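Please look through the chain shown below before reading on.

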Amino acid sequence: MKKKHILFLLSCFILTTLSAQTLEQAKAMYNKGEYEQAKPVFKKFVKSQPANGNYNLWYGVSCLKTGEPQEALKYIETAVKKRIPTGQLYLAETYNDLYRFDDAIKNYEEYIAELTKRKKPVEDAEKLLEKTKSNLRMLKGVEEVCVIDSFVVDKTDFLNTYKISEESGKLFTYNDYFKTEGKHLGTVYETELGNKIYYGEADKNGLMNILSKNKLQNEWSKGYPLPDKINATGNTNYPYVLTDGVTIYYASDGDNSIGGYDIFVTRYNTNTDTYLSPENVGMPFNSPYNDYMYVIDEYNNLGWFASDRFQPEDKVCIYVFIPNESKRVYNYEAMDTKQIVALAQLKSLKATWKDQKEVAAAQKRLDAAIHHKPQEQFIADFEFVIDDHTIYYHLSDFKTPKGKEFFKKYQQKEKDYRQQMEKLDDQRQWYARAGKDEKAKIAPAILDLEKQIQQISQELESLAIQVRNAEKQLIK
């Protein structure tokens, strides 16, 4: 490379570096939410002029937004003393992130009073105030849970840290499961039998929602969104279902979260074909940061969840705990506030250890799970029960030409059944959203389709009997 060209590139690099150090450049980054890049510049300016209210605010907010609320505190407090606009709002947010909810409530109330005095809208601030009051209530009900270990890992491949039993199903990233590329933030949970998945996927507006799919034979149904009770507000992702098939954990950053993603739980009511109202699982699992991917491995009696509390932007901490059979909470009134906050923040894992034998046994189970080598997966084309002792998984398992012929007809009929069921689900959803007049038009078509499905179901049962009879003659 020629010397002049090298000098030109070097000069461009120096100019770029210098421009990135100017106050105007830092403010532009700040306004775009690039707090990590702007922070060093503001730090330099606030050191040179410690009484400048704007410098204190910009640096303090940059610290706050990059997971350093304790560092941010004194600078934002200075900005408030200098009466910098929005300073009080950010100070309340800082107190909230430090679990100083009483102080946060006081600041929000003062901020709302100031807005009211100036005849400015207060709705957004009032929502933040109510959320902080809810956070205080959660602090008074921190669950007493034993957290046995934690792992700080790269956020991009955090799922690899989860070592759960085959009996608990499987976890995947969206790209790995669906063989896609690009920035897909969703995760996928596949049941132990591999016949159902729950997954997060972005809608046309870019919001994450949880959907489910069922597998019949070797084909997947289309994805059905879970009800609005779950996909109600904000982003919803990171589903996991217990082996009971009705209890689902997930994460959402909607209205009822402490801050960022929170972990919620709901249960499917088989009698009413609906989900119960979701509940926030509370502290210490949730925090003012992002908390998600809550998993209970019932086989190993271990729980897992991820949190980016007090972590760098590209890292996440995976916590492993012993699940409680029933919820137990600390006695808030009998404890020092700093102690209960430390337990809510999971500042010290050993502070959660009450029974050393229980901890040692759980750590042993964790070690076994980490070093467990999964069995080679058996891939079945289908699962068809011949009798109490015989199950077929491949066409090559059939012993008679007649049995194989009947089964192929059975497969085609089952495909017809699945397609008609999907059509019926669509019509029922349409009916649920329709007006009175439209419902009257839709109802006959739904009834007719239900009759068709009932007929196909009877034909399926008949074909299944024919398959078994043909095969049993030879088995006997």
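Predicted model: local features only at pLDDT ≥ 70, side-chain atom pairs only at ≥ 80, totals over all residues.

Residues are numbered from 1 along each chain as its sequence is written, and side-chain values use heavy atoms, with hydrogens and water left out.

**The chain as a whole**

- The secondary structure of the chain comes to 13 helices and 17 strands; helices (H or I, at least four residues) and strands (E, at least two) are DSSP runs, numbered from the N terminus.
- The C-alpha trace spans about 95 × 65 × 65 Å along its principal axes.
- The chain has 476 residues, of which 42% count as buried. Buried means under 20% relative accessible area, exposed means over 50%, and partly exposed lies in between, with a 1.4 Å probe and protein chains only.
- Among contacts with a separation of 6 or more, 53% are between residues 24 or more positions apart. Contact means heavy atoms within 4.5 Å.
- Pro-85 is in the loop between helix H5 (69–81) and H6, and Pro-85 is exposed, with a relative accessible area of 62%.
- Pro-85 and Lys-399 are 314 residues apart in sequence, and their C-alpha atoms are 81 Å apart in space.

**Helix H8**

- Helix H8 covers residues 123–139, which is 17 residues. From first C-alpha to last, H8 reaches 25 Å, close to the 24 Å expected at 1.5 Å a residue; the expected span is 1.5 Å times one less than the number of residues.
- The buried residues of H8 are Ala-125, Leu-129, Thr-132, Asn-135, Leu-136, Met-138 and Leu-139.
- These buried residues pack against helix H6 (87–97), helix H7 (101–117), strand E12 (279–280) and helix H10 (337–345).

**Nonpolar cores**

- A nonpolar core is a set of buried Ala, Val, Leu, Ile, Met, Phe, Trp, Tyr and Cys residues joined through side-chain atoms within 4.5 Å.
- The largest nonpolar core has 53 residues, and those that touch the most other members are Ile-148, Phe-158, Tyr-162, Leu-171, Met-293 and Trp-304.
- Strand E15 (residues 315–322) gives the largest share of this core, seven residues.
- Apart from this core lies another, of 27 residues, including Leu-23, Val-46, Trp-58 and Ala-72.
- Not counting residues up to four places away in sequence, Met-293 touches several residues, among them Phe-158, Leu-159, Tyr-162, Tyr-238, Pro-239 and Trp-304.

**A buried charge: Glu-190**

- Glu-190 is found in strand E3 (residues 187–190).
- Glu-190 is buried yet has no salt bridge. A salt bridge is a side-chain nitrogen of Lys or Arg within 4 Å of a carboxyl oxygen of Asp or Glu.
- The nearest side chain of opposite charge to Glu-190 is Lys-170, 4.6 Å away; Lys and Arg count as positive and Asp and Glu as negative, while His and the chain ends are not counted.
- The side chains of Glu-190 and Tyr-177 are joined by a polar contact of 2.9 Å. A polar contact is a pair of N or O atoms within 3.5 Å; within protein, one must be able to donate a hydrogen and the other to accept it, and residues adjacent in sequence count only if both atoms are side-chain atoms.
- Leaving aside neighbours within four places in sequence, Glu-190 is in contact with Gly-169, Lys-170, Phe-172, Tyr-177, Lys-196 and Ile-197.

**Salt bridges**

- The count comes to 15 salt bridges.
- Glu-24 forms a salt bridge with Lys-27, with the closest N and O atoms 3.8 Å apart. Both lie in helix H2 (residues 23–31), three residues apart, about one turn of the helix.
- Glu-24 is exposed at 56% relative accessible area, whereas Lys-27 is partly exposed at 26%.
- Glu-93 forms a salt bridge with Lys-65, with the closest N and O atoms 2.9 Å apart. This pair links distant parts of the chain, since Glu-93 is in helix H6 and Lys-65 in helix H4 (residues 53–65), 28 residues apart.
- Arg-428 forms a salt bridge with Glu-450, with the closest N and O atoms 2.9 Å apart. Arg-428 lies in helix H12 (residues 401–433) and Glu-450 in helix H13 (residues 436–475), so the pair ties together parts 22 residues apart in sequence.
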